[in-house]
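Dear colleague,

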Amino acid sequence: MVATLSEIAAVDDIQFLASQQFKEKSKELAGLSAHGLVNGDQKAFSFSTETFTGDVGFAVVETTDDAVIIDRLDELLPEIVACKMEKNLSALFLAVVNIVELKGTLLLCGPSELSLAKAAFPGCEVNDANTMMDLGSRVSRKKDYIPEITKAIKAGWTKPLKRGVSVVDMVEALGKLEVDPADYNRITRRGSVLAVKVGEHFTVDDDSIVDEENCI
């Protein structure tokens, strides 16, 4: 089929054409706002076990240049937290997948995500700030990510009592979503108290304890 289509379209190098298409897609992704990246390809999965009941969100960004996305970590993590709270999710992950090198990186926005990721992917390395996990060659949400998360939850995972930000305190402080008048597909969050200040970095606490109802 590919050979036939390439002949009809007079394309000599299919691989080169594919690489150029992937590059264009990556350029488009790099231009998206944090809100667009977090919400662009996101699905929610419901669970109900003896130890955990809730919804887990999982977003994926596929790109040929994962470094461009990961470099925006301190912009993406606050948006993941805001989106998680707005949708009343128990946990929300964002996986950045390099479709050329076939490797995945999982962004962790809070103690619940850190705990569940460690239970689902034991042995995977986490950075010093507890905000990223190296998933190695795991690149598929359907085949690699959700099955392992499901196994961990069914095996008895429960939401940790780690310090988070009270939902009551945060409802009025998530900022507003604004549409770029020059590009109606670009939506940006303004005025969120979750935004990381210049010179600072987003970190996840893996030790402190607080009332579970106030955990994000």
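Which are the buried residues of α6? Before the reply, please keep in mind that this is a predicted model. The buried residues of α6 are Pro 111, Ser 112, Glu 113, Leu 114, Leu 116, Ala 117 and Ala 120. Because seven of the ten residues of this helix, which spans residues 111-120, are buried, α6 is largely enclosed by the rest of the structure. The cover over these buried residues includes strands β2, β3 (91-98), β4 (103-107) and β5 (132-136), together with helices α5 (73-86) and α7 (141-154).

Glu 113 lies in α6 and is buried, with a relative accessible area of 0%. Leaving out residues up to four places away in sequence, Glu 113 touches Lys 84, Ser 90, Ala 91, Leu 92, Phe 93 and Leu 108.

The strands β1 and β2 come next. Strand β1 (residues 42-48) pairs with β2 in the antiparallel sense over seven bridges, and the two form a hairpin with four residues between them. Within this pairing, Lys 43 stands opposite Phe 58 in β2. Val 61 is also found in β2, which runs over residues 53-63, and it counts as buried because its relative accessibility is 3%, where the cut-off for buried is under 20%. Although Val 61 and Asp 41 are 20 residues apart in sequence, their C-alpha atoms are 7.0 Å apart in space.

Two loop residues also deserve mention. Asn 130 has its place in the loop between α6 and β5, and at 16% relative accessibility it counts as buried. A polar atom of the Asn 130 side chain lies 3.3 Å from the backbone oxygen of Val 204. Leaving aside neighbours within four places in sequence, Asn 130 is in contact with Leu 108, Leu 114, Val 204 and Asp 206.

Thr 158, in turn, is in the loop between α7 and α8 (167-170), and it counts as partly exposed, at 40% relative accessibility. The side chain of Thr 158 reaches the backbone oxygen of Thr 51 at 3.2 Å, while Thr 158 and Thr 49, which are 109 residues apart in sequence, are 9.4 Å apart in space, C-alpha to C-alpha.

Finally, a word on confidence. The mean pLDDT of the protein chain is 80, and 65% of its residues reach 70 or more. Over residues 165-171 the pLDDT stays under 50, and for that stretch the model has nine contacts beyond four places in sequence. Over residues 208-216 the pLDDT likewise stays under 50, and there the model has 28 contacts beyond four places in sequence.

With best wishes

Conventions
Residues numbered from 1 in each chain as written. Heavy atoms only, no water. Buried < 20%, exposed > 50% of the residue type's maximum accessible area, 1.4 Å probe, protein only. Contact = heavy atoms within 4.5 Å. Polar contact = N/O pair within 3.5 Å; in protein donor to acceptor, adjacent residues only side chain to side chain. pLDDT = per-residue confidence, 0-100. Pairing = 2+ DSSP bridges.
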